[in-house]
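Here's a quick tour of a two-part model. Have a look first, then read on.

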Amino acid sequence: MLVLTCPNCGITAEETEFHAGGEAHLTRHGPGASDDDFEKYLFMRDNPKGVHFERWRHVYGCGKWFHAARDTMTLEIFGTYTAQTSTVPQDIIDKITDRRPDWQKSDAR
Amino acid sequence: MKKYSAFAIAREALRHHTGWTRAWRDAQPKKRYDVIIIGAGGHGLATAYYLGKNFGITNVAILEKGWLGGGNTGRNTTIIRSNYLQDPSAAIYEKSRSLYETMSQDLNYNVMFSPRGVIMLAQTHHEVRGYQRTAHANALQGVTTEFIGPEKVKELVPIININGPRYPVLGGLWQARGGTARHDAVAWGYARACSDMGMDVIQKCEVTGIRSEGGKVTGVSTNRGDIDCDKLGMVVAGHSGHLADMAGFRLPIESVALQALVSEPIKPCMDVVVMANTVHGYMSQSDKGEMVIGGGTDGYNNYTQRGSFHHIEETVRALIETFPMVSRLKMLRQWGGIVDVTGDRSPILSKTPVDGVFINCGWGTGGFKAIPGSGWAMAELIAKGRSPLTDAFGLNRFQEGRFIDESVAAGVAH
């Protein structure tokens with residue numbers, strides 16, 4: 001059972017109160033985009049073994065979206081942060097490198 | 001390979017069973033193979049088997065990082081059916097189901113195929129219409145299915161409660177030729193047949209890199225040294241994204257955990273497979289008497305081969321409503337497998353951006369039923385460069401918008 005903290009309302013709760021929303025920080029390609037970019041946005045996913053940045057929604061709470069950094073191999077949650085950003089905040093990256101010194105952030109997609 | 005038969009059992013009984021030999025050789029990797037298959041689960045072994053049987057390609061290695069059939073092949077609920085909606089799905093799943101019928105004879109290995117029949121319950125009006133549509137589509141595809149009413153469901157499954165307060169049973173999609181098979185035996189049977197054709201099944205051999213030159217594959221690096229090959233088949237289900245990353249491309253796949261559990265063994269009480277997709281539960285009774293129960297997937301990416309406890313609770317809660325007797329059962333074991341889910345819930349059998357590398361993945365929550373058909377089609381794809389069974393399942397369909405939408409047939413339950 002994951003325990004997540006919603007950065008919007010500050011509540012810490014079990015995963016049943018939240019809903020997972022898939023990979024975070026995807027670039028949204030729309031009208032005028034190439035087929036390649038649109039396919040990447042809709043379907044292509046990093047699906048890493050290890051650190052994963054993802055969207056969550058506090059459905060049975062404040063209802064707001066937020067982002068989380070989580071390890072898909074150990075289910076450790078490094079931290080949660082606002083959804084109103086296109087980059088991972090430095091304090092989250094610091095928390096990850098603190099726990100995973102060898103981890104390298106892959107390029108933005 | 002010594003043939004298994006009633007005569008062989010009698011012969012061995014007379015000499016204290018001293019004459020049985022290993023079912024497959026414990027092979028060591030050679031320097032080079034014509035074809036390397038990564039993943040010795042059902043799909044990988046079936047691919048190798050049909051490469052040898054249908055195309056005479058036997059200089060083949062099947063590499064497995066763990067033990068044979070230890071991934072999703074040993075973690076599923078063994079259900080076999082082919083009642084899908086879209087034509088390309090019906091073609092490959094029905095091919096697969098029909099191959100299961102003669103598999104024990106073909107492999108000379110008892111896979112305990114039991115065509116006991118599969119019911120998919122319709123518990124909402126949407127499902128009634130959805131399954132009626134599927135039944136009509138199946139009729140056009142030549143797949144024998146039938147939409148049956150609640151009385152017929154009750155007749156087939158006496159322990160069911162068709163008047164549940166939340167989700168009454170309004171009917172069901174019945175495939176009489178569906179059923180179950182013993183999952184370990186499928187992997188073991190194929191491994192024995194592959195080994196007999198001279199192929200190397202190499203366990204505890206983890207691929208750590210994929211080598212290519214000028215955009216063409218030349219071999220793999222493993223924890224047991226480099227191995228060269230002309231063609232490479234990746235058949236690793238949940239870990240496909242990880243391997244694709246090594247080869248330098250991405251996949252439209254996310255890996256999530258799917259759980260199953262079994263009860264204590266009880267006397268025979270249900271001789272068909274029942275699936276209830278609305279409430280995310282499905283159940284059959286094994287030959288040992290255990291009720292084999294499958295549930296839903298977790299919503300988030302996961303490689304831990306276990307799942308969230310609350311999903312088990314949801315599944316069991318739903319099943320108790322539909323099968324009240326389940327409430328008296330103790331559950332014995334629970335486990336999870338990592339399933340590779342695509343955007344349209346259909347598999348990928350395709351060439352890849354790297355020449356000579358072929359991929360077979362994305363079977364998501366329903367790969368077991370597809371093992372022989374998938375192997376048959378994948379072998380043709382590797383040997384000839386294309387197969388009528390795989391044409392629609394290419395990686396390019398996501399860019400071209402030619403989805404094979406099976407989210408109704410395959411969304412959760414299998």
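How many residues of chain A are in contact with chain B? There are 19, and they touch 19 residues of chain B, where contact means C-beta atoms, placed from the backbone, within 7 Å. Bear in mind that this is a predicted model: local features need pLDDT of at least 70, side-chain atom pairs count only at pLDDT 80 or more, and totals for chains, interfaces and linings use all residues. Residues are numbered from 1 along each chain as its sequence is written, while chains are lettered from A and ligands numbered from 1 in the order in which they are written.

The largest share, four residues, comes from α1(A).

Over in chain B, eight strands make an open, mixed sheet, ordered β5-β6-β4-β13-β14-β15-β12-β16; two strands pair if DSSP finds at least two bridges between them. β5 (146–148) and β16 (331–342) of chain B sit at the edges with a single partner strand each, so one side of each has no neighbour in the sheet. Inside the sheet, β12 (253–265) and β15 (290–301) of chain B run antiparallel, joined by six bridges. Leu261(B) has Ile293(B) in β15(B) as its bridge partner.

Terms used:
Helix = DSSP H or I, 4+ residues; strand = E, 2+ residues; numbered from the N terminus. Contact = placed C-beta atoms within 7 Å.
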